[in-house]
Amino acid sequence: MLTSSLASSVSRRRFLRWSQAAMAAVGAAPLFGRSAEAATPASAAASVDYYEKLNVRKLINARGTFTGLTAAVMPPQVQRAVAEAALHPVHLEELQTNAGAYIAKKLRCEGAMVTCGASAALSLATAACIQSANNCLPMNIPQDIGTAKFPKNEVIVQKSHRYEYDHAMFLCGIKIVEVTTLEDYKRAFTPNTVMTNFFNSTRSGQIDQQQWLEIAHQHNVPCHLDAAADMPPIENLWKYTGMGFDLVAFSGGKGIRGPQNAGLLLGKKSLIDLAAQNNNPHMGVGRGMKVAKEQIVGMVAAVDWILEQTDEGMEHEYIRRANVVLHALKDIPTIQSTFFTEPIANHVPILMLTYDPAVVGIKPEDVLTKLRALNPSIELASGRDNTIGVSTWMLQPGEELIVARELHKVLRSAKA
Ligand SMILES: *Cc1c(COP(=O)(O)O)cnc(C)c1O
């Protein structure tokens, strides 16, 4: 060693003292030999409660993964992944590429990309299919699409699959060609067809998935499937790409329990690569749909998390929580309960409570209003047809006790 050992140990100690003080001041983790807990900036972040500062009530979500309720509740390991990602800048494209490859492997498909939601995934899927059909650059979308230069701009959709997310395709400059019968569908393909879109959970329409795929593929047209809310079951994360759908969108902020502004586009590698050209940091329709490093890492962590779960384990827990609520309400006169599960999207059991409002003294819709007015606010599912729905899958540990207590209080005190 050239420096004296004393000088070196003093300066090292000084550096350590400085760095520890600096780290403490900014609430960051030590750079070297970090312990798992020390690396979590949560302790520093917890010193300011911005919801409180902004006079925003927190809520207990017994309703579901609604955008207006800030979508899914992230499990602790996903929250930690998001917080850790914030500690360091990275090369965004490197992160996107490696995250995509990791997710594709885990979800058994050729290619994957983290988007800022299922709606963004649909836009980027459309852009990829336009590029593929027209052999054009992202910059030609949407301004040159539909002109003599790049004429291919048609997307085939079943009439009953038209939905509010059509806007995600329209912003790429496409036209929708509606079909109803199988014969319509066969006739709808033209040299200008760029893709088809299938709205998975609608269950309406005369053409099923297999027929849909088969005919499109006879024309070499890629098929996109919108499966945004269609997990659980967990196997759906690879079922649809396995069936042959070229591109499949999932929302990250629903059952997968990732960040609200994250989603997945899964499918054929060649199309995912084109979709990536339209996504940030590149200039294309996806430039305004930026996914931050925190969301990308959070989405990867959410994929890891969901693959550690089982459908049976999750369902068991949702029913256990519902039974806690039900048990607390057993002295409410005329109360009856049943479980309701949507067949495809948001496929989880919801506790449905009915009672005679004349006996109990309050209408279900007024119960919802009263619980919403609390602080923290409690959001329950629809009170239509004298029913109160309790959706337990987005509750955080122990919140079922609060829902049970407050629901009991409101129902019990109505006649008092
Ligand atoms: C929720 C949903 C979307 C949008 O998902 P985001 O991740 O919020 O963008 C798209 N399609 C369907 C069918 C949905 O249910």
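Let's start with a helix pair: H15 (residues 364-372) packs against H16 (residues 399-413) at an angle of about 130°, their axes 10 Å apart. That angle makes H15 oblique to H16, given that under 35 degrees counts as roughly parallel, over 145 as roughly antiparallel, 65 to 115 as roughly perpendicular and the rest as oblique. Axes here are lines fitted to C-alpha atoms over the stretch in contact, and angles run from 0 to 180 degrees between N-to-C directions. Helices (H or I, at least four residues) and strands (E, at least two) are DSSP runs numbered from the N terminus. H15 passes H16 in a right-handed crossing, right-handed being the label if the near helix is turned clockwise from the far one by less than a right angle, and left-handed if anticlockwise.

Before going on, a word on the source: this is a predicted model, where local features need pLDDT of at least 70 and side-chain atom pairs count only at pLDDT 80 or more, while totals for chains, interfaces and linings use all residues. Residues are numbered from 1 along each chain as its sequence is written, and side-chain values use heavy atoms, with hydrogens and water left out.

Another pair to look at is H4 (residues 76-85) with H12 (residues 293-307), packed at about 150° with axes 8 Å apart. H4 is therefore roughly antiparallel to H12, and their crossing is right-handed.

Ala71 has a phi near 60°, a positive value in a residue other than glycine. There are cis peptide bonds to check too. One goes from Ile141 to Pro142, with omega near 0°, and Pro142 sits in the loop between helix H6 (118-134) and strand E3 (154-158). Another joins Met231 and Pro232, omega about 10°; Pro232 is in the loop between strand E6 (223-226) and helix H10 (236-243).

Now for the ligand. Around it you'll find Gly117, Ala118, Ser119, Tyr165, Phe199, Asp226, Ala228, Ser251 and Lys254, each with a heavy atom within 4 Å. By class, that shell has four nonpolar, three polar and two charged residues; Ala, Val, Leu, Ile, Met, Phe, Trp, Tyr, Cys and Pro count as nonpolar, Asp, Glu, Lys and Arg as charged, and the others, Gly among them, as polar.

Ligand oxygens lie 2.8 Å from a polar backbone atom of Ala118, 2.9 Å from a backbone N or O atom of Ser119 and 2.8 Å from a side-chain N or O atom of Lys254. Taken alone, the ligand exposes 390 Å², and the protein buries 83% of that (Shrake-Rupley, 1.4 Å probe).

Definitions and conventions. A polar contact is a pair of N or O atoms within 3.5 Å; within protein, one must be able to donate a hydrogen and the other to accept it, and residues adjacent in sequence count only if both atoms are side-chain atoms.
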